[in-house]
Amino acid sequence: SPELATTFLEQPLDNPLMNAAGVWCTLAAQLDALVESSAGAAVTKSCTLSRRDGNPEPRYRALPLGSINSMGLPNEGHVYYLDYAACHDYERKPLFVSVSGLSLDDNLTIVAALREAVLPAFLELNLSCPNVEGKPQPGYDFEAMDQFLAEVATAYRRPFGVKLPPYFDFVHFDNAAEILNRYDNLAFITCINSIGNGLVIDTESESTVIRPKDGFGGLGGDYVLPTALANVNAFHRRCPGKTIIGCGGVSTGEHVFQHLLAGATLVQVGTALHEEGPSIFDRLQKELRELMAKKGYTRIEDFRGRLKTL
Ligand SMILES: O=C1NC(=O)NC(C(=O)O)N1
């Protein structure tokens, strides 16, 4: 049957599937469940310097077409995840550490600690959390993003990646890619984070459905698949030397196939994992194999990045 084995930054993976940062990865027991699952890799909840409760509940709501969330970066603080990363068995599957410091200084402190730990974990620098009041997304402020990357790339010196917000205009794809291409050790780009500041209304109660920020929150699920595919392909085209991780709107093997076709090397699952649990990775691999077999593909490299245009 078709082979799903792949490589990421020269590391072998059984398959290209993993969780999206923030989903099923805040506590060690959740991360252990991902390591036990058939996911090819795992990533930790975006961490801040210190532990955070996050935003008041209700702050997550599953919807017929996806989800809306304004979690507000609830996490156990960076040391908790560095400790987890120190105990992880890297022979089993790669582990990514997501970092979302609330300031450049916080990011530099966390990144320095990760570098000092000398672990095989991959750093995914989150530049796109839309849910901390008063904290605009660095990914939407190109000058701030460039400054963050200049300092982090220099301090970390090792290969790392960024988690980007969705962009919706070619001039933004061009400007963001121009910045990212300046950093040789910026090895991978994860597109996309949630589509920030959507508003879901419950007609019966005539109310918002989440409490923080008057109900404005990040959208995930079916709502975001075309935008996620566009961002994966836009950066795949503009950053030929970098590896793209696709994230957004994946709930079937067909969606995984589309992300790979658009140029992704790995594919992250958020909303659907939140709703279905880690067994989803078995279903997604089964569905992807069936689709590949139907199309006569035996390996991922037979079609990855080969999206046709008309
Ligand atoms: O980067 C993030 N994206 C989201 O959609 N939510 C979380 C959060 O709010 O913690 N962070």
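At what angle do helix H5 and helix H6 pack, and how far apart are their axes? Helix H5 (residues 170-180) and helix H6 (residues 225-238) pack at about 50 degrees, with their axes 10 Å apart. This is a predicted model, in which local features need pLDDT of at least 70 and side-chain atom pairs count only at pLDDT 80 or more, while totals for chains, interfaces and linings use all residues. Residues are numbered from 1 along each chain as its sequence is written, and side-chain values use heavy atoms, with hydrogens and water left out.

**Reading the labels**

- Helices (H or I, at least four residues) and strands (E, at least two) are DSSP runs, numbered from the N terminus.
- Axes are lines fitted to C-alpha atoms, for helices over the stretch in contact, and angles run from 0 to 180 degrees between N-to-C directions.

**H5 against H6**

- H5 and H6 are therefore oblique to each other (angles under 35 degrees count as roughly parallel, over 145 as roughly antiparallel, 65 to 115 as roughly perpendicular and the rest as oblique).
- H5 passes H6 in a right-handed crossing, where the near helix is turned clockwise from the far one by less than a right angle.
- On the H5 side, the contact (heavy atoms within 4.5 Å) is made by Phe170, Phe173, Asp174, Ala176, Ala177 and Leu180. From H6 come Ala230, Asn231, Ala234, Phe235 and Arg238.
- Sorted by class, the residues of this contact are eight nonpolar, one polar and two charged (Ala, Val, Leu, Ile, Met, Phe, Trp, Tyr, Cys and Pro count as nonpolar, Asp, Glu, Lys and Arg as charged, and the others, Gly among them, as polar).

**H3 against H4**

- Helix H3 (residues 104-117) packs against helix H4 (residues 142-156) at about 20 degrees, and their axes are 9 Å apart. That makes H3 roughly parallel to H4.
- The crossing of H3 and H4 is right-handed.
- Leu104, Asn107, Leu108, Val111, Leu114 and Arg115 of H3 meet Gln147, Phe148, Glu151, Val152, Ala155 and Tyr156 of H4. Here the contact has eight nonpolar, two polar and two charged residues.

**The two sheets**

- Eight strands make an open sheet with parallel pairing, in the order S3-S16-S15-S10-S9-S8-S7-S4 (two strands pair if DSSP finds at least two bridges between them). Strand S3 (17-19) and strand S4 (42-43) are the edge strands, each pairing on one side only.
- Within that order, strand S15 (residues 243-247) and strand S16 (residues 266-269) run parallel and are joined by three bridges. Isoleucine 245 stands opposite leucine 266 in S16.
- Another open sheet has four strands in the order S5-S6-S14-S11, with antiparallel pairing. Its edges are strand S5 (60-63) and strand S11 (195-199), each of which pairs on one side only. The twist averages 35 degrees from one strand to the next.
- S11 and strand S14 (residues 216-220) run antiparallel, with three bridges between them. Isoleucine 195 has leucine 219 in S14 as its bridge partner.

- Helix H7 (residues 253-261) is mostly covered, with seven of its nine residues buried (buried means under 20% relative accessible area, exposed over 50%, partly exposed in between, with a 1.4 Å probe and protein chains only).
- What covers those buried residues includes S3, H6, S15, S16 and helix H9 (280-295).
- Glutamine 258 is found in H7, and at 27% relative accessibility this glutamine counts as partly exposed.
- Leaving aside neighbours within four places in sequence, glutamine 258 touches Leu225 and Leu229.
- Following H7 is glycine 263, whose phi is positive, near 125 degrees.
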